[in-house]
Amino acid sequence: MAKAPVLTPQADDFPRWYQDLITKAELADNGPVRGTMVIRPYGYGLWERMQAEMDARIKETGTQNAYFPLLIPQSYLTREADHVEGFAPELAVVTHGGGKELEEPAVVRPTSEMIINDYFSKWVQSYRDLPLLINQWANVVRWELRPRLFLRTTEFLWQEGHTAHATYEEARDFAAHIHRRVYEDFMVNVLAMDVVPGRKTVKERFAGAINTLTLEGMMGDGKALQMATSHELGQNFAKAFNTQYLSKDGRQELVWQTSWGSTTRMIGALVMMHGDDNGLRVPPRLAQIQAVVLAIKGDEAVLAKVRELGDRLKAAGIRVHVDDRTDTPFGRRAVDWELKGVPVRIEIGPRDLENGTAMLARRIPGGKEPVSLDALVPLLPKVLEEDQALLLKQSRERRESRTTEVATIDEAVEVAGAGGWARIPWAVLGEEGEAKLADHAVTVRCLVAEDGSVPDADDAPGNVAVVARAY
């Protein structure tokens, strides 16, 4: 009888495969309240690495980290009509505290534009206070009716940046810088994810913004996932909160603002973009464990060599874990590390020791080969960089092979329904066509220029709509 697979095959049931992998790779569990999640240590380790890489890029822009309260007075949300309307269905509201009904209900933050703008209005007085660049790492709550671990949860973790500038041009350029130099750079060069940078349509724009920039990734089943967004808020919130500054000319002027965010959804994207039927495949630059050294048997000489090699790899700057749990069968341990997607396994047993070799198993391209113990340490950095590049190449080839140029709305619906992306001229589609796509659960993921760059306007000549089904 054939042995049952560890995971449901992707081709049989992609959503079930995803749930299996999240559970068996020990990334997360469902929380006790519907829609919440418990992020397990291995999953949280991925988020910590994402945080570290992103935080460094954010700080390079001159942005500083701060923290704002979780609870926001409900009255704050009435100050910007489009914003409150956009979030109203998702709000969680606290009406009682300390055994009493609150004089004013408090909203559990769905995002922090409101409370941060209240403080920006106090902190900004003069042009000398600008630009004001703030980021916070926090949790938010948006009541989710159709939860799925990492992709859509009632509570999730994120970073949200909020800035105030003296001019429209400064704010526009800062939002674009975050979009390309922080988010896209991180996703391409660390997550090894091919993403399409573009501009959201008016319908898909962030509530209260005048422009939303997005990064869209194609998952293993051909659906799109919005990875991160950067918003030009114009002066909408400045008007609502009367955030003004005294210009060099002695005039009171309203500030121009941006906000931008990325979330633990990126862990779900990591699973769906790079995972295969054997589990996760973690990009080496992201992996908290780049190489695991496994002792096949509890032989003292083997254990000593495994630990020594672990020390040498660590000294060479490799993030390494030594697995010397020989009371657990080797096969089970090897499958566990494969599920977790550790880029490299180095397996050593008594026979390997006699031959002066180790078995090098590469998770990303697959395959095993014996390698001289002396050659391992200098070889590994090269192997890890090759595998990083391969993941990016594979994600790009998937998107390019499954993206089709179309001329009609019906063709776009057909392509999206078959698990691909369609590109259709915006002049052909337009807002009416966008509404027709919605009838088939297909959305415009973003607008791009003919050359693939980000358009300067919603109706710029030559704009192309990238359309797909999405998570």
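Visitor: What is the relative accessible area of Glu 308?

Guide: This is a predicted model, where local features need pLDDT of at least 70, side-chain atom pairs count only at pLDDT 80 or more, and totals for chains, interfaces and linings use all residues. Residues are numbered from 1 along each chain as its sequence is written, and side-chain values use heavy atoms, without hydrogens or water. Buried means under 20% relative accessible area, exposed over 50%, and partly exposed in between (1.4 Å probe, protein chains only). Glu 308 counts as partly exposed because its relative accessible area is 32%.

Visitor: How far apart are N and O in the salt bridge of Lys 305 and Glu 308?

Guide: Both residues sit in helix H8 (residues 300-315), three residues apart, which means a separation of about one helical turn. Helices are DSSP runs (H or I, at least four residues), strands are E runs of at least two, and both are numbered from the N terminus. A salt bridge needs a side-chain nitrogen of Lys or Arg within 4 Å of a carboxyl oxygen of Asp or Glu. For Lys 305 and Glu 308, the N to O distance is 2.9 Å.

Visitor: Which residue meets Arg 312 in a salt bridge at 3.7 Å, N to O?

Guide: Arg 312 is partly exposed, at 28% relative accessibility. At 3.7 Å, N to O, the partner is Glu 308.

Visitor: How many salt bridges does a search of the whole structure find?

Guide: One of them joins Arg 152 and Glu 144, with the closest N and O atoms 4.0 Å apart. Arg 152 is partly exposed at 35%, while Glu 144 is buried at 14%. Arg 49, Glu 53, Arg 57 and Asp 185 are linked in a network. The search of the whole structure gives 32.

Visitor: What is the volume of the largest pocket?

Guide: A pocket is an open set of points on a 1 Å grid over the protein atoms alone, where a 1.4 Å probe fits, with protein on both sides within 12 Å along at least five of seven lines; lining residues have an atom within 4 Å of a point. Here 49 residues line the largest pocket, and Arg 152 is among those nearest its centre. Its volume, the space filled by probe spheres set on points joined across faces, edges and corners, is about 1,600 Å³.

Visitor: Which element gives the most to the lining of the largest pocket?

Guide: Several elements give two or more residues, including helix H3 (81-87), strand E8 (155-165) and strand E14 (256-263). The lining divides into 20 nonpolar, 14 polar and 15 charged residues. With six residues, the top contributor is E11.

Visitor: Which residues make the nonpolar surface patch of about 320 Å²?

Guide: Patch members have over 30% relative accessible area and no salt bridge, and nonpolar side chains (Val, Leu, Ile, Met, Phe, Trp, Tyr) are joined within 5 Å. Val 33 is partly exposed at 42%, in the loop between strand E1 (28-30) and strand E2 (37-39). The patch is made by Val 33, Trp 143 and Leu 145.

How values were computed
Patches are made of residues with over 30% relative accessible area and no salt bridge: like charges are joined within 9 Å, nonpolar side chains (Val, Leu, Ile, Met, Phe, Trp, Tyr) within 5 Å. Accessible areas come from the Shrake-Rupley method with a 1.4 Å probe; for residues, only the protein chains shown count as cover. Ala, Val, Leu, Ile, Met, Phe, Trp, Tyr, Cys and Pro count as nonpolar, Asp, Glu, Lys and Arg as charged, and the others, Gly among them, as polar.
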